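Work through the exercises below with the sequence and the model side by side, trying each task before reading its solution.

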Amino acid sequence: MSPKVVEILSADELRRTVNRLASQIVERCRDLSQLVILGIHTKGVPLAQILASQIEMLEGVSVHVGALDITFYRDDLDKIGVRTPAKSDIPLDLTGKIVLLVDDVIYKGRTIRAALNAVNEYGRPESIWLAVLVDRGHRELPIHPDFIGKQLPTAKDEQVKVFLQDLDGRDAVELIGN
């Protein structure tokens, strides 16, 4: 029996969700010149770039954007298997900056815990915020996003799959279950 697939966000809904997230970030950040947006590999990287582009469209200000690989900071490599690390690309020293971590889906919180540890290798930010496209619940760590595109209660055996045009040829979010 093939799994049941339900579209949670269409391409238009995903675009509107990202636009809303960008607006919320602009409202909260008092000085966009201090903002550094770091996408967590893999899907967080293009999301970070999309958010930065939207912020530039809204405010006419270009913000720093980078990519963060958290492979060696994970505490669950034995469960997920060793991966080929991607390259972190941090555009500047993060000391005193407002760092916005971006990921596609937050689940247990372990990816974000690893990202927080990785960020410390690049300086001591004034603050670290978290933006996620989808929060599916089931947290094992006391980590909560500052900006949430879609709150989506899920069962533990369901999956949330994010598709992005640059990587997958389409924009959508799907819930995959039995």
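**Exercise 1.** Determine in which hand helix 1 passes helix 2, and describe which residues meet there.

*Solution.* Helix 1 passes helix 2 in a right-handed crossing, where right-handed means that the near helix is turned clockwise from the far one by less than a right angle. Helices here are DSSP runs (H or I, at least four residues), strands are runs of E with at least two residues, and both are numbered from the N terminus. The axes of helix 1 (residues 11-28) and helix 2 (residues 44-59) come within 9 Å and cross at roughly 65°, the axes being lines fitted to C-alpha atoms over the stretch in contact, with angles from 0 to 180 degrees between N-to-C directions. Among the residues in contact (heavy atoms within 4.5 Å), helix 1 brings V18, L21 and I25, while helix 2 brings L47, I50 and Q54.

The model is predicted, so that local features need pLDDT of at least 70 and side-chain atom pairs count only at pLDDT 80 or more, whereas totals for chains, interfaces and linings use all residues. Residues are numbered from 1 along each chain as its sequence is written, and side-chain values use heavy atoms, with hydrogens and water left out.

**Exercise 2.** Find where V134 lies, and decide whether V134 is buried or exposed.

*Solution.* Begin with the position of V134, which is in strand 5 (residues 127-135). Next, take its relative accessible area of 0%, which makes V134 buried, since buried means under 20%, exposed over 50% and partly exposed in between, with a 1.4 Å probe and protein chains only. Finally, look at its surroundings: leaving aside neighbours within four places in sequence, V134 is in contact with residues including D104, I106, K150 and V173.
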